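This briefing covers confidence, the contact between the chains, and one residue in its surroundings.

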Amino acid sequence: MQSGVWYPRWYWPSFTITGIVWLTVLFVLPAYVVLSVAFGAVDFEHFGQPVPYYAPWWWSFSTFNETLTQFYQGSAIYQAPLIRTFVYVSSASVICLVLGYAVAYFTARCTSKNKGLILVLLVAPLWISYLMRIYAWQGLLDAGGPLNVVLDPFGFGDTDFLSGLHITVILGLVYGYIPFMILPLYASLDRIQESLLEAGRDLGANGRQTFWRVTFPLSRPAILTGIVIVTLPMFGDYYTNDLLGSSKTSMFGNLISAQREFTGGSTRMASLVLILSVIVMVPMMYYLRETRRAAERGA
Amino acid sequence: MSVALETRVEATQAEGYFGNPWRRPRILQAITAGYLLWSLLPVVVAVIYSFNAGRSRIVWQGFSLRWWTDDPTDSILHDPAMRSAMTQTYKLAILTVLIAVPIGTLFAIGIDRWHGRPARGANFTMLLSFVVPEIILGVSLYILFTNLISIPLGTPAQLLGLTTFQLSYPVVIVRARLLTIGPEYEEAAMDLGAAPGQAIRRILLPLIAPAVMASVALVFADVVDDFVTVQALQAGASSETLAIKIYSASRASPTPEINAAATVMLVTTLLVVAGGLLIYRRFNRGQTVAGASDFMQI
């Protein structure tokens, strides 16, 4: 602060100390323990309990390697879920983007007096439990349920939507995460000034050209943010598949949650969490960089 | 000949609609309306079926309060497992708010004024905890508590985990508010003779109160809805929350009792968030749009 008041050097840092200690012990330290378990040993005499190696110079990669080989060697039981995860996450994000863009664009350009109501309805799903929303779909999709009845004329009367269909899980992911896509898109599209669009038209562009050469480029950062915000939780998702799919549609998150059933699952879980962290590192870092840039622009 | 003419007339009419910059965006309107229906109707249906008289959640068998109050064992009012889940849910929500919001608010104030490399590192770590997929955090804490630090799974572990995950919400909300306020009010107070501590208590805290209230509402609602962290750190039936009940029942054969439990969650979170928004608006007259967008940023 630039006022005439002098603050001791420790004054403002002292406000943050509880938060820093909290994060160090319960956010940074757990990450380190995960490394120590993943690069530690396994006690086979005690149900495969992990034996963490806390000193990095003792780290051995045999346990971790064993997990890694499951992705490409032998029966490669982890390979299919990994590939599925990438396919599901990318198709679900593309659908989220296309549908979400249309909705956000309409809402941002909407001048009706109902705009407030539309906004409330767009935000509402964020405050409805994710599990409840997916549970609601489970009921609708159940064998003999409403969707079978409604879609009977189209030949889906006997389809078991919950038997492990790719499309069910993908649409479930879209349903679950699309509100997170719409909000940043709306915020960005709403900020685009009408005068810019008018300028585009005055310069001779038609509606489509104005969109592709003015609106779309201006919303590009929001598109990337939106994609990151929806893909991050999708990569760790296991409950959508647990409710709407089967083992035929299991994802990476299911590999992790399945380890809970075993007494010695901790070691495998640590290795898998480590792999997942590496996968989401790029989108996460992108998001953090963008947030910092936005803050710098604001300041 | 006349066919060709007709096609041309139709073509120009179509072009007339699409070429008109002031046309009503009927297609987008239809997509938006369809989206809203698609996104909310299933939830409405689930709420309605909590009043079903039968055991099914997909075949309507008449209205009753069986699953809410009437059934002596299987209604959410009387089912001991459901009552314990409700207690656990709200206990965790209240305790998390009580811990996370003060720590987060103080962190936001400090990090707003403290510059330098360590401050940037702390801020980065905080934001990282904001975006990291919940399963990574939940499982890491599970591994921490079962290996290095012995924290009993169940309520203590869940509380620590939820607070860690929620800590960043008040930080982000309060910081956004601090950026819009700027340092001028405090400086004026100190020019008028207030000590730094007084300026914080009497000027800054009232100014950020709406953001703090918003954080309280959002953290509470988020904990009630939380599933991943709570499940990763639970220990048996006594630490199950409503979300876990929905999850485990949905994998067996759910009755409308689960719909009723989900409805309870829905009503509490929506009421709390709406209440938070109203308080926010009361404090920020004339800034409702900014307030709403603050809420939406999260």
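pLDDT is the predictor's confidence in each residue, on a scale from 0 to 100. The model is predicted, and the predictor assigns the complex an ipTM of 0.91 and a pTM of 0.88.

**Confidence by chain**
- In chain A the pLDDT averages 88, and 97% of the residues score at least 70.
- Within chain A, helix 3 (residues 79–109) has the highest confidence, at a mean of 94, and strand 1 (residues 41–43) the lowest, at 81.
- Chain B has an average pLDDT of 85, with 87% of the residues at 70 or above.
- Helix 7 (residues 155–166) of chain B is where confidence in that chain is highest, at a mean of 95, while helix 14 (residues 288–297) of chain B is lowest, at 46.
- Residues 288–298 of chain B have a pLDDT below 50, and this stretch makes 19 contacts in the model beyond near neighbours in sequence.

**Contact between the chains**
- Chain A contributes 77 residues to the contact and chain B contributes 72 residues.
- On the side of chain A that touches chain B, helix 1 (residues 11–38) of chain A gives the most, with 18 residues.
- That side of chain A consists of 57 nonpolar, 16 polar and 4 charged residues.

**A:Gly139**
- A:Gly139 is part of helix 5 (residues 130–141) of chain A.
- A:Gly139 counts as buried because it has 22 C-beta neighbours inside 10 Å.
- Leaving out residues up to four places away in sequence, A:Gly139 touches A:Gly145 in its own chain, and B:Ala46, B:Tyr49, B:Arg57 and B:Ile58 in chain B.
- A:Leu162 is 23 residues from A:Gly139 in sequence, and their C-alpha atoms are 10.0 Å apart.

Key:
Residues numbered from 1 in each chain as written. Chains lettered and ligands numbered in written order. Predicted model: local features only at pLDDT ≥ 70, side-chain atom pairs only at ≥ 80, totals over all residues. Contact = placed C-beta atoms within 7 Å. Helix = DSSP H or I, 4+ residues; strand = E, 2+ residues; numbered from the N terminus. Nonpolar A, V, L, I, M, F, W, Y, C, P; charged D, E, K, R; others polar. Buried ≥ 20, exposed ≤ 12 C-beta atoms within 10 Å, placed from the backbone.
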